Amino acid sequence: MLAAAASVTAAGAQHHDSTAGISTAFGANANAVATVVSPAIMGEALTEGYLTQPFLFAHLALPRNALALHAMMNFEGITLERGELNPGIYGEGYVDRRHPHTYLHELMLATEWNARLAHLSLAAGKGFAPFGTDDPMSRPFVKYPVNHHLAQILERVVAVAALRMRYGAVEAGLFNGDEPESSGDAPNAPRLWDSWAVRGTALPIPGAELQASYARVRSPEYALGDGLDHRKKSASLRYESGPASPRRYALVEWANTVEYLGGEATFAFRSVLGEGEVRGRRAAVALRIEHTERPDEERLLDPFRTPRPGSDFNLLGRSRWTVVSARGSLPFELPRRGRIEPFVEIARAAVVQTVAPAAFEPKLFYGGDRLWSLSAGIRFGLGARHGRMGRYGVAIAPSRGTISGTAGRDHTH
């Protein structure tokens with residue numbers, strides 16, 4: 001069963017220092033993907049198809065980035081309401097299926113001031129908190145890693161201040177802690193600015209980026225604010241080569257989330273992930289290895305859904321997922337800035353119960369403790385290519401044009 005998923009790898013926004021005029025970029029992409037998981041539940045295999053990651057992107061910037069707009073509409077609420085088969089992933093009421101993101105994925109305004117020794121920026125709107133690594137949607141694999149909710153904080157109303165100097169940048173942001181409850185959900189007004197995050201980024205050599213961040217997120221899984229709070233840490237090392245083919249990208253990240261009831265720590269979840277891609281003119285190959293702990297929550301009559309809002313009373317156990325994924329693709333350029341990229345992704349997930357006794361036993365639920373996933377499809381693109389996701393203003397690190405197909409800081413966001 002094949003689906004036509006729209007994964008907008010739209011875009012490289014064109015920041016530049018010319019005073020000639022306004023810089024603009026628009027783009028759209030789509031992933032048509034079919035996925036087989038075996039075993040998926042009670043020893044049975046499932047085969048499904050999707051429209052996954054469908055979005056449109058726009059970027060506009062005044063000269064010298066005096067004002068820049070980042071906007072993205074994501075249509076997974078229409079195409080992916082049931083969720084996308086993705087063993088091990090969890091969050092926002094879904095489990096072993098990736099949840100759809102909100103229609104308004106990003107709408108941020110940023111302004112910059114350039115001084116002799118440092119550059120400053122302010123950004124505000126709906127988007128990414130200054131925490132962790134890039135959105136997986138802008139990275140090589142279509143299938144998300146299990147650690148998505150440990151390693152990123154997105155789709156919040158956020159205000160971010162950033163300071164940049166020659167060899168790095170520092171960001172600090174305030175945002176609402178509550179996660180979206182549906183694709184059309186808006187952040188709750190009483191929750192504005194109840195959470196915060198800081199991130200430091202060092203740029204020791206061209207192409208290399210060292211990141212460390214910390215966040216305190218109030219009650220993300222209970223919108224009224226009475227749930228468990230999260231204290232999150234992240235560290236990563238990222239590298240991408242220059243634009244010459246073959247282009248190389250690598251990322252190693254560590255993430256840790258501890259849930260708190262008042263001042264008392266209750267549950268802790270950790271993740272280590274490494275991924276890389278080599279991309280030539282005619283082919284690309286990628287590999288990802290992940291080792292992530294996740295909560296095993298009570299499931300509804302639909303075994304891929306969990307109660308919302310969640311609470312510690314819904315936690316039935318904890319498991320550790322080790323997932324090895326490989327990807328191969330064949331990119332083709334089309335007339336009028338079109339692109340297609342047939343791809344295949346295969347993953348082997350090993351799940352281990354880490355709390356015993358527990359009400360949830362993975363091996364019994366899935367029918368085994370080794371799960372295989374095979375996905376095949378085509379990524380379609382039109383217009384500008386999308387760059388990195390999760391930073392604004394002067395916090396945008398120099399890009400050397402590898403994975404996102406962009407070149408230079410002026411083409412990423």
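This is a predicted model: local features need pLDDT of at least 70, side-chain atom pairs count only at pLDDT 80 or more; totals for chains, interfaces and linings use all residues.
**View 1. The salt bridge between E171 and R391.** E171 and R391 form a salt bridge in which the closest N and O atoms are 3.4 Å apart. Because E171 belongs to strand β9 (residues 168-175) while R391 sits in the segment after β19 (370-383), the pair ties together parts of the chain that are 220 residues apart in sequence. Both partners, E171 and R391, are buried.

View 2. The side chain of E293 meets that of R270 in a salt bridge, at 3.7 Å from N to O. Since E293 lies in strand β15 (residues 284-297) and R270 in strand β14 (residues 264-279), this contact ties together parts that are 23 residues apart in sequence. E293 is buried, with a relative accessible area of 11%, whereas R270, with a relative accessible area of 42%, is partly exposed. E293 also meets the side chain of R320 in a salt bridge, here at 3.9 Å from N to O. This second pair links distant parts of the chain, with R320 in strand β16 (residues 315-329) and E293 in strand β15, 27 residues apart. R320 counts as partly exposed, its relative accessibility being 27%.

View 3. Through shared partners, salt bridges join D134, E171, R199, E209, R238, E240, R388 and R391 into one network. In total, the structure holds 27 salt bridges.

**View 4. The largest cavity and its lining.** The structure holds eleven cavities of 30 Å³ or more, and the largest cavity contains about 180 Å³ of space. Its lining is made up of 18 residues, of which N86, K143, V323, S325 and A347 lie nearest the centre of the cavity. Two or more lining residues come from each of the elements β4 (84-91), β15, β16, β18 (338-353) and β19, and β18 supplies the largest share, four residues. By class, the lining of this cavity has ten nonpolar, four polar and four charged residues.

**View 5. The second largest cavity and its lining.** The second largest cavity has a volume of about 130 Å³, and the residues that line this cavity are E92, H148, H149, Q152, I153, L154, R156, E179, V217, P220, H230 and K232. The elements that give two or more residues to this lining are α2 (148-151) and β12 (229-240). By class, the lining of the second largest cavity divides into four nonpolar, four polar and four charged residues.

Notes: Residues are numbered from 1 along each chain as its sequence is written. Side-chain values use heavy atoms; hydrogens and water are left out. A salt bridge is a side-chain nitrogen of Lys or Arg within 4 Å of a carboxyl oxygen of Asp or Glu. Buried means under 20% relative accessible area, exposed over 50%, partly exposed in between (1.4 Å probe, protein chains only). On a 1 Å grid over the protein atoms alone, a cavity is a set of points where a 1.4 Å probe fits but cannot get out, and a pocket is an open set with protein on both sides within 12 Å along at least five of seven lines; lining residues have an atom within 4 Å of a point. Grid points are joined across faces, edges and corners, and a volume is the space filled by probe spheres set on the points. Ala, Val, Leu, Ile, Met, Phe, Trp, Tyr, Cys and Pro count as nonpolar, Asp, Glu, Lys and Arg as charged, and the others, Gly among them, as polar.
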